[in-house]
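Hi,

Here is the structure I promised to send over. Have a look at it first, then read on for what turned up.

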Amino acid sequence: MPPGREDRMLFHDAPFLWLLLATCVAYWGVLRTRRARNLLLLGASVVFYTRWSAPLVLLVVATALYDYGMALAIEAAPTARGRRARLVAAVVVPLGLLAYFKYTNFLVAQVWPLFGASRPPPVFAIVLPLGISFYTFETIAYVIDVYRRRIPAERDIVNYALFLLFFPHLIAGPIVRPGQLLPQLRRGRPLDWSRVEVGVRLFVLGMLKKAVVADQLALIVDPVFARPDSYATGTLWTAAVSYAVQIYCDFSGYSDMAIGAAHLLGITLPTNFRMPYFAANPAEFWRRWHITLSTWLRDYLYIPLGGNRHGTLMTYRNLLLTMLLGGLWHGAAWTFVVWGGYHGMLLALHRAIPWPAWTGRPSLRPFRVALTFFLVCVGWVFFRAASLGLAATMLARMFAPAAGLGLAPGVSALVAAILGTVLVAHLVGTFADVPRLVRAVPAPILGTALAGGFLLAALLAPDTGGAFIYFQF
Amino acid sequence: MPSSRHRPDAVRARRVLTVAAIAVAVAQLAAGLALDTAPARVRFAQGARVLDQARALGGAPYVLLLGSSRFWQLDADTAAVALRETVGGDGPGLLKGAMPAGDPIVADYLLERLLAEGSHPRLIALEISPEIIANPSRWVAEHAVRFFTWRDVAVWTPEIVRAGKTRQVAAARFAPIHLYRRELLTWITGVQPPYLRVAAAVQAAAAGPADHDGAGPNAVTLFGLRETRKWLRRYRVDGGAARALERLLARCHDAGIRVALVGVPVSSWVRELYTPEIERTFGAYIDRVSRRYGAEFVDYRAKVPDRFFRDHHHLNRRGSELFVRLLVAEVLAPRWSASAAAS
């Protein structure tokens, strides 16, 4: 049974804030050695995961132990063939677990009709372990990097377990590469108040994105996506654009909080978003959106498939295959497969079309950005809809004017204000030197603003504010 | 070279964080104090509605129902009509002051304010059962959220701790901006959140819990029984709820208000939890306070069969209709008539 609201540990809820505060105090104030601090972080990570699912923490630990041992075995293998065989074993087990937990019911539902069964397919009561998609990719990256001799196998089991379980990134990323995190865990980490301040700033920014933007917009998005046949075209477009902003603020807000929490502990996690809705084409979008996933797919799927090294057709095939699997990674449903395929198609088309030189003029960039955003919004309809049928209904009514329920003028104005604020934030993030601006603000004003942001998030968090969207993946 | 602790950027960062921490603490404290002194409608809208309804009755005497969700779910209009028909004439007004988590602590809070405003209840029917006056009060956290001030929390701390509600009460005291966000936003803007709403498409109504059909307790009942069992563990009647009940009875005694302590109907599964020891303690207590303050105890706990319950202690629609008839005919009407004649 999934944990109730009282039991689970969300980044913006009090239990997590207490855990983080207690961990920080013990980490910087009590413990002095690197090993003791790593053990504390490991303990805090287990406590964090246990609040979500006590039995399934054993699965994460078992995965960590397995690939810790397999990486050592790969390194110790005397022959290339032995190394390869051990790599296959190291990859197959976590992938198998992911397939079992995430795709069993989906696969059964697909093959069931092939056997002529007239009854509906059975549904197995399999609980999806939180974060399994994320930590599986991390552990696969680790054994492949050891196999490729990019990094040495980690000797310290605590370091490796912490690499996988470190609580800020455990549930929904950012997907950390071993080369990014393991060296930090091996080093001593002195207390740096400037980093703590940056961490708090990021954390508060993430809270604002989640509570003030994403959870508010969900109040519009959820009912409209549930019954698109009841709403007018304008309302459907508002919901589609609102969902684009909601998922961005939800996921980038989560990432900001994760990166901020890690900063509080002297650890740097990779950037996950870089103003994605200012991308001027689909390829650029994927260099700005969920960066740690797209680079993982590039390095561990697209390039091993051949990348762009074997001709045009193979490049398109590789793009499509990578994005289809990327879509499927998000969830075991055809909506995600279609979403992935749609983006694969956009990437292939973007690459295939011989764009005239004038389209690349800087003055036309706003139009390219608008077109890319429009295409991305259309894709989000597949991603958010509960079924392909509902997605088709929604898209049909978005593109063919339809009558239906609308938004009250006050609600429209409020939605416009929220979307406008996110647009302004994108502009500021793109064109302004934010660190310099922050440094120019007097400390008392900055401190008060931070407190104001924290309290605003606490005040505006709707009752229905729930888990982050990416927790389901 | 200054140490990292004393680098200018580190000094500035510490200053920023210190200011932020102080600002958060001051804002939470200020919001908590503002809520403590705010009108009742801000934190305790249900209580404020009862006071408003009492004002609407003017100075006329009326019947007041006090209690928890078990009384709250009764149809007050049906009861008022039945009472009017039974008593004759215009009949008395009937005010439902019962509400979810409404134990004697809430009842006393309401009555104190009603009397202070010059309201004239002539007869009070107060829901009573062993668990509702147990020590500790299981609803102490709800009371802390709805109307306790800092001073109340200080007085109630031992019972709050015994009830295991420290976390909830601490949240109400130390993080009021988050806990009372709905109330604060309504107070500030005059409009209840959420502010982003779309017209809802027609949805199928959610099914409520199935009534008992004689096949044994349903899932909601089983959960409720587990909760009631916890409630009755190490049963004592010497806590805040009992003190509130005695304060209420004393007020009524002084104001000449007649009080019927109504043992509220519960299912046989709940009655099985009332051990002989619990029954002895409860009976002795009710007997003592009834005699001391001139109240009467009328026991309906075993008067309604299980098929009239939707869970362990809430009546279903037919059960409510049955109980309202009994309550009006056997408790309210005769006592109203008697007290009217006496006055």
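Predicted model: local features only at pLDDT ≥ 70, side-chain atom pairs only at ≥ 80, totals over all residues.

What does B:Leu115 touch, once its neighbours within four places in sequence are left aside? The contacts are B:Pro121, B:Arg251 and B:Ile257.

Most residues other than glycine have a negative phi, and most peptide bonds are trans. B:Ala101 isn't a glycine, but its phi is positive, at about 60°. You'll find B:Ala101 in the loop that runs between strand E2 (93-96) and H6 of chain B. Is B:Ala101 buried or exposed? It counts as buried, since its relative accessibility is 13%.

Chain B also has a couple of cis peptide bonds to look at. One joins B:Asn135 to B:Pro136, with omega about 5°, and B:Pro136 sits in the loop between strand E3 (121-128) and helix H7 (140-146) of chain B. Another runs from B:Pro193 to B:Pro194, again with omega near 5°. B:Pro194 is in the loop linking helix H11 (181-189) and helix H12 (219-231) of that chain.

One more spot in chain B: B:Arg49, in helix H3 (residues 45-56). B:Arg49 counts as partly exposed because its relative accessibility is 47%. B:Gly97 is 48 residues away from B:Arg49 in sequence, with 8.9 Å between their C-alpha atoms.

Stepping back to chain B as a whole, its secondary structure comes to 16 helices and five strands. The C-alpha trace spans about 90 × 50 × 50 Å along its principal axes. Of its 343 residues, 49% count as buried. If you take the contacts in chain B with a separation of 6 or more, 82% of them are between residues 24 or more positions apart.

Now for chain A, starting with its helix pairs. Helix H1 (residues 14-30) and helix H2 (residues 34-52) of chain A pack with their axes 10 Å apart, at an angle of about 170°. That angle is over 145°, so H1(A) and H2(A) are roughly antiparallel. On the H1(A) side, the residues in contact include A:Phe16, A:Leu19 and A:Tyr27, and on the H2(A) side they include A:Leu41, A:Val47 and A:Phe48. By class, the contact of H1(A) with H2(A) has 11 nonpolar, one polar and two charged residues.

How do helix H4 (residues 80-111) and helix H13 (residues 312-330) of chain A cross? Their axes come within 10 Å and cross at roughly 100°, which means H4(A) is roughly perpendicular to H13(A). H4(A) brings A:Lys102, A:Tyr103 and A:Phe106 to the contact, and H13(A) brings A:Leu328, A:Trp329 and A:His330. Of these residues, four are nonpolar, one is polar and one is charged.

The largest nonpolar core has 139 residues, and A:Phe48, A:Tyr142 and A:Trp380 have the most contacts inside it. Helix H10 (residues 233-264) of chain A gives the most to this core, with 17 residues. A:Trp380 touches several aromatic residues, among them A:Tyr243, A:Tyr277, A:Phe285, A:Trp289 and A:Trp339. Another core lies apart from this one, with 92 residues including B:Leu114, B:Ala260, B:Val298 and B:Leu315.

Chain A has its own positive phi, near 40°, at A:His290. This residue is in the loop between helix H11 (282-288) and H12 of chain A, and it counts as buried because its relative accessibility is 0%. A:Thr292 lies in H12 (residues 291-302) of chain A and also counts as buried, at 5%. Among the residues A:Thr292 touches are A:Pro174, A:Ile175 and A:Asn272.

Last, the interface. The contact takes 43 residues from chain A and 34 from chain B. About 3,000 Å² is buried between the two chains, with carbon and sulfur atoms giving 67%. On the chain A side, A:Trp193, A:Leu455 and A:Leu459 lose the most area, together 20% of what that side buries.

Cheers

Conventions. Residues numbered from 1 in each chain as written. Chains lettered and ligands numbered in written order. Heavy atoms only, no water. Axes fitted to C-alpha atoms, helices over the stretch in contact; angles between N-to-C directions. Helix = DSSP H or I, 4+ residues; strand = E, 2+ residues; numbered from the N terminus. Parallel < 35°, antiparallel > 145°, perpendicular 65-115°, else oblique. Contact = heavy atoms within 4.5 Å. Nonpolar A, V, L, I, M, F, W, Y, C, P; charged D, E, K, R; others polar. Core = buried A, V, L, I, M, F, W, Y, C linked by side-chain atoms within 4.5 Å. Buried < 20%, exposed > 50% of the residue type's maximum accessible area, 1.4 Å probe, protein only. Buried area = accessible area lost by both parts, 1.4 Å probe.
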